[in-house]
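Please keep the sequence and the model at hand while going through the numbered points.

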Amino acid sequence: MPRENYQRRLDGLRASVVDMSDLVIERYAAAIDAAETGDDDLAREVIEGDHEVNERYLAVEDDCTELLALQQPVAGDLRLVTASFKISTDLERVADLATNLAGYGAAEGGLHPAVDFRELADLAGEMVADAVAAYETDDPSACRAIAARDDDLDDRCRRASEAVIRDLLEADRERVTTGADDDATDQLAAALDEVSRSLLAIREIERVGDHAVNIAARALYMAENDDELIY
């Protein structure tokens, strides 16, 4: 393959990953809307639309495989191809987490009101978008900044989980103090379901942040042959 066409294929691969990220972030934002509002139709749209993300992922995988098999790239080109494959894998998993989040929020009872899920989810989503931008522009400093931001997200998720559990314990303590009746027991069972969904949602948001760090790590390795964030 002439060098010009080969470079065009590499540029096209990077563009395909960025396009895939746009779709994933769009679906993730819709999932958060569904989780926050309890919109069943929107949740179903996110869940049923996951196949489109999977198709984009498979197309990127095919491009990477063909470039590796036919062009045998080396050095920076090889890092671009391998990083693109790894990043597309993380994006596909973010999309899977989005379908989970949409389902939690659309379930009867929704998510716990004591936690600002929108704030947590937006932080994680911004990290993913910024990590992909760092990959697109070869920005090592942005990669390192995203890894640092993940510590803040983890801390916020931990405090959110504690707030949800604390609220449940207080509700149970009040039930015991006032004397349990059937209505109070049913209310506690409903609260427990809500807490379980909320804790799962917090965990999924934290995992979205982890995938953002993975993307940043691969982008950094691609740009500078630096594996500090990978390990």
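1. Disulfides. The count of disulfides in this predicted model comes to 0. A disulfide is a covalent bond between the sulfur atoms of two cysteines. C143 counts as buried because its relative accessibility is 1%, under the 20% limit. C157 also has a relative accessibility of 1% and therefore counts as buried.

2. Overall architecture. The secondary structure of the protein comes to 7 helices and 0 strands. Read along the sequence, the pattern is accordingly α-α-α-α-α-α-α. The protein has 231 residues, of which 42% count as buried.

3. In soluble globular proteins, nonpolar side chains tend to be buried together. Here, the largest nonpolar core has 64 residues, and Y28, L91, Y135 and I205 are those with the most contacts inside it. At least two residues of this core come from each of α1 (3-37), α2 (40-48), α3 (50-71), α4 (75-106), α5, α6 (140-178) and α7 (182-224). The greatest contribution is that of α1, which gives 13 residues.

4. The length of helix α5. Does the span of this helix agree or disagree with the number of its residues? Helix α5 covers residues 117-137, that is, 21 residues.

5. The buried residues of α5. Which residues of this helix are buried? They are F117, L120, A121, A124, G125, M127, V128, A131, V132, A134 and Y135. An α-helix has 3.6 residues a turn, so residues three or four places apart point the same way.

6. The start of α5. A side-chain oxygen of D116 reaches to within 3.3 Å of the backbone nitrogen of R118. This contact is found at the start of the helix.

7. The residue after α5. D138 follows α5 and is found in the loop between α5 and α6. Its relative accessibility is 36%, and D138 therefore counts as partly exposed. Most residues other than glycine have a negative phi, and most peptide bonds are trans. In D138, however, phi is positive, with a value near 55 degrees. The C-alpha atoms of D138 and E224 are 8.6 Å apart in space, although the two residues are 86 residues apart in sequence.

8. A further positive phi. A75 lies in helix α4. Its phi is near 50 degrees, a positive value in a residue other than glycine. Is A75 buried or exposed? Its relative accessibility is 52%, which means that A75 counts as exposed, since the limit for this class is over 50%.

9. Aromatic and charged groups. The structure holds 1 aromatic pair. A pair of aromatic rings is described by the distance of the centres and the angle of the planes. A charged residue also deserves attention: R14 lies over the face of Y135, at 5.7 Å from the ring centre. Y135 is one of the buried residues of α5 and is also among the core residues with the most contacts.

10. A212 is found in helix α7 and counts as buried because its relative accessibility is 0%. The C-alpha atoms of A212 and I87 are separated by 9.1 Å, while the residues are 125 residues apart along the chain. K86 lies in helix α4, and with a relative accessible area of 38% K86 is therefore partly exposed. K86 and A219 are 133 residues apart in sequence, and their C-alpha atoms are 9.7 Å apart in space. A160 has its place in helix α6 and is buried, because its relative accessible area is 8%. The C-alpha atoms of A160 and F117, 43 residues apart along the chain, are separated by 8.7 Å. F117 is one of the buried residues of α5.

How values were computed. Residues are numbered from 1 along each chain as its sequence is written. This is a predicted model: local features need pLDDT of at least 70, side-chain atom pairs count only at pLDDT 80 or more; totals for chains, interfaces and linings use all residues. Side-chain values use heavy atoms; hydrogens and water are left out. Helices (H or I, at least four residues) and strands (E, at least two) are DSSP runs, numbered from the N terminus. The expected span of a helix is 1.5 Å times one less than its number of residues. Buried means under 20% relative accessible area, exposed over 50%, partly exposed in between (1.4 Å probe, protein chains only). A polar contact is a pair of N or O atoms within 3.5 Å; within protein, one must be able to donate a hydrogen and the other to accept it, and residues adjacent in sequence count only if both atoms are side-chain atoms. A disulfide is a pair of cysteine sulfur atoms within 2.5 Å. Rings of Phe, Tyr and Trp (its six-membered ring) pair if their centres lie within 6.5 Å; planes under 30 degrees apart count as stacked, over 60 as edge-to-face and the rest as tilted. A charge sits over a ring if NZ of Lys or CZ of Arg is within 6 Å of the ring centre and within 35 degrees of the ring normal. A nonpolar core is a set of buried Ala, Val, Leu, Ile, Met, Phe, Trp, Tyr and Cys residues joined through side-chain atoms within 4.5 Å.
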